[in-house]
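Let's take a friendly walk through a protein model, one stop at a time. Keep the picture open as you read.

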Amino acid sequence: MATSFDVKLANVAAMKAESGYDVTIVCCSDAPQAAFWQAHLEQGKGSVIPASSLVIAVDEDWEGGAGNFLGTLYAWKKASAKAKESTGRDITTELANGASVALFHTAGKGTRLAPLPGAENNNKPGVKLPAPGCPSILESVIRQTGAYAASRKGRLSVFWGDQVFVPSVAVEYSADFHVDILCALGPMPSAEEWKARMLHKYGLIAARETGEVGMMLEKVTHEQASEQLANISGVDRVGTSLGSFSLSAAFLEALVAGFSEELEAKKGKMDSDPHVWMAMTLNEAEYARLMIDKSLFEESGAKAHHKRVLEIVDKVKSAESKMKGMFGSVNVGSDFSWWDYGQLALYSKNGLLLTEDSEDARLARGFFGIEETNRTASANSLGTCEVDGASVASSCRVSSGKVTGSALANVCTKELQADGAVLVNVCATKIKAAKGAVAYNIVDNSEDGLSLGENEVRVGVFTCSKENPYFEMSSNVADIDGGKVFKEKVCGNKYSFQEVYDLNHGVDVTQCGEAAKASFATRSAAL
């Protein structure tokens with residue numbers, strides 16, 4: 001009998017570009033980022049997405065943000081219009097006729113990942129990983145989630161752009177519900193297990209044996225969950241929600257029509273969990289109480305919104321359909337692997353995962369195409385540099401030094417000393433990186449080179465400004481959470497992370513990226 005690890009290995013093998021979606025939509029923070037991803041993914045056909053996939057990148061020009069629910073509907077409408085205008089294709093009709101479509105949400109500042117998004121000129125999904133080819137976070141997510149495409153013909157799949165996951169159950173399934181949501185289902189935990197797994201901090205899905213969602217639970221204690229589930233028949237599994245979902249063409253069309261007022265005016269902010277899925281699974285009184293507790297609605301507003309959602313659902317239910325029901329679960333398995341790159345500490349941790357000796361590390365190396373028996377086989381010139389068997393390195397040119405337990409990609413230096421560090425796109429005469437250090441997008445022209453202490457972070461920011469073409473920002477993996485100090489100047493930086501965000505706002509990320517490449521090439525040629 002296959003183990004969960006065997007299943008995960010098979011799933012990783014299925015995560016190839018050609019397994020992906022017929023249409024790939026990326027929703028970005030602004031127009032320059034949309035232009036970047038439009039061009040970048042066009043170039044990535046055959047390596048990131050299928051060679052035949054239609055790429056549509058749009059920006060969410062919605063003041064204050066639309067939330068992930070209205071943002072999904074708005075991005076779909078905008079992508080449909082762009083496809084019609086630029087290619088003459090009607091993707092709404094294509095979806096109804098069985099095309100698979102994926103939408104990736106990437107908007108947001110990435111405060112907890114700071115200062116890395118600043119090094120990509122606010123292009124958060126463009127942050128690169130220490131693997132062969134320096135794949136971006138988004139490219140990795142797109143390739144990974146493409147494993148679901150074959151099961152989702154005639155559906156819009158919606159994903160977040162900063163997490164890679166590997167299910168511990170087969171990815172193939174029958175999409176029998178108008179909306180389904182990814183979740184890690186298992187038997188109802190005991191009170192002790194609930195506390196140990198900190199399930200009170202997560203949104204949870206309670207599902208029946210048929211796969212139908214019985215209830216969505218929002219950050220509740222074991223006692224509260226048990227009380228709520230006591231009134232729901234047939235629920236036999238509970239698990240954390242990953243948030244990602246897919247919609248049938250019919251339900252998508254009904255939602256777009258049902259929320260047309262907000263979409264036309266570009267007003268309001270709604271998220272899928274509280275504004276739609278909970279309205280679908282809770283009765284009016286329970287929904288109103290929860291929304292009041294969350295300060296999302298007052299009582300009358302909550303009841304009116306609940307009625308509005310159920311009217312849309314009833315219209316879809318009344319239409320002739322092959323679906324078994326409205327709301328289903330897609331189990332990723334309780335033993336699934338999840339690599340989150342949305343926080344600085346997790347970026348470092350999951351970068352260094354590539355150097356470890358564990359099943360999860362083997363999966364990650366398999367996903368990123370790193371050979372188990374030779375982790376430095378990818379286009380390296382390492383001279384006399386001693387690199388231990390745990391480290392991974394790709395596209396590096398190093399003359400001498402010593403590397404232990406580190407993840408390196410596109411590093412150029414005469415002398416390298418790295419111990420448990422992550423280095424991506426770094427060029428300097430000498431590089432010394434202590435345990436936990438992260439260096440990213442650095443071009444150092446000094447004779448002394450780059451020296452990073454334990455857990456120290458340094459990134460380079462290339463701009464389109466003649467007055468300030470390049471500067472560096474520092475942080476600390478262990479001590480600093482960018483989300484908490486985003487507006488403060490830390491580590492002796494000239495700017496706060498917010499000020500870097502403001503400097504980068506609306507810039508041509510493609511032009512800045514070309515400036516970075518040119519500077520790297522000039523400096524590396526001199527070494």
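Does S391 count as buried or exposed? Keep in mind that this is a predicted model. At 1% relative accessibility, S391 counts as buried, because buried means under 20% relative accessible area. To find S391, look in the loop between strand 12 (386–387) and strand 13 (392–394).

Now look at what surrounds this residue. Leaving aside residues up to four places away in sequence, S391 touches T355, R375, T376, V403, T404, G405 and S406. One of these, G405, has its backbone nitrogen 2.9 Å from a polar atom of the side chain of S391. The side chain of S391 also makes a polar contact, at 2.6 Å, with the side chain of D388.

Next, turn to helix 2 (residues 31–43). How far apart should the ends of its 13 residues be? At 1.5 Å a residue, helix 2 should span 18 Å, and its end C-alpha atoms are 19 Å apart, which agrees. At the N-terminal end, D30 caps helix 2: a side-chain oxygen of D30 lies 2.9 Å from the backbone nitrogen of Q33.

Q33 is also one of the buried residues of helix 2, along with A34, F36, W37, Q38 and L41. What covers the buried residues of helix 2? The cover includes strand 1 (23–28) and strand 2 (54–59), together with helix 3 (67–87), helix 6 (137–145) and helix 18 (509–525).

Our next stop is a pair of helices. Helix 11 (residues 272–281) packs against helix 12 (residues 284–293) at an angle of about 160°, and their axes are 10 Å apart. The two are therefore roughly antiparallel to each other, since angles over 145 degrees count as roughly antiparallel. Their crossing is right-handed. Where they meet, helix 11 brings P274, H275, M278 and A279, while helix 12 brings Y287, L290 and M291.

Finally, find H222 in helix 8 (residues 222–229). Which residues does H222 touch, not counting those up to four places away in sequence? They are M188, P189, S190, A191 and W194. With P189 there is a further detail: its backbone oxygen lies 2.9 Å from a polar atom of the side chain of H222.

Methods. Residues are numbered from 1 along each chain as its sequence is written. This is a predicted model: local features need pLDDT of at least 70, side-chain atom pairs count only at pLDDT 80 or more; totals for chains, interfaces and linings use all residues. Side-chain values use heavy atoms; hydrogens and water are left out. Helices (H or I, at least four residues) and strands (E, at least two) are DSSP runs, numbered from the N terminus. The expected span of a helix is 1.5 Å times one less than its number of residues. Buried means under 20% relative accessible area, exposed over 50%, partly exposed in between (1.4 Å probe, protein chains only). Contact means heavy atoms within 4.5 Å. A polar contact is a pair of N or O atoms within 3.5 Å; within protein, one must be able to donate a hydrogen and the other to accept it, and residues adjacent in sequence count only if both atoms are side-chain atoms. Axes are lines fitted to C-alpha atoms, for helices over the stretch in contact, and angles run from 0 to 180 degrees between N-to-C directions. Angles under 35 degrees count as roughly parallel, over 145 as roughly antiparallel, 65 to 115 as roughly perpendicular and the rest as oblique. A crossing is left-handed if the near helix is turned anticlockwise from the far one by less than a right angle, and right-handed if clockwise.
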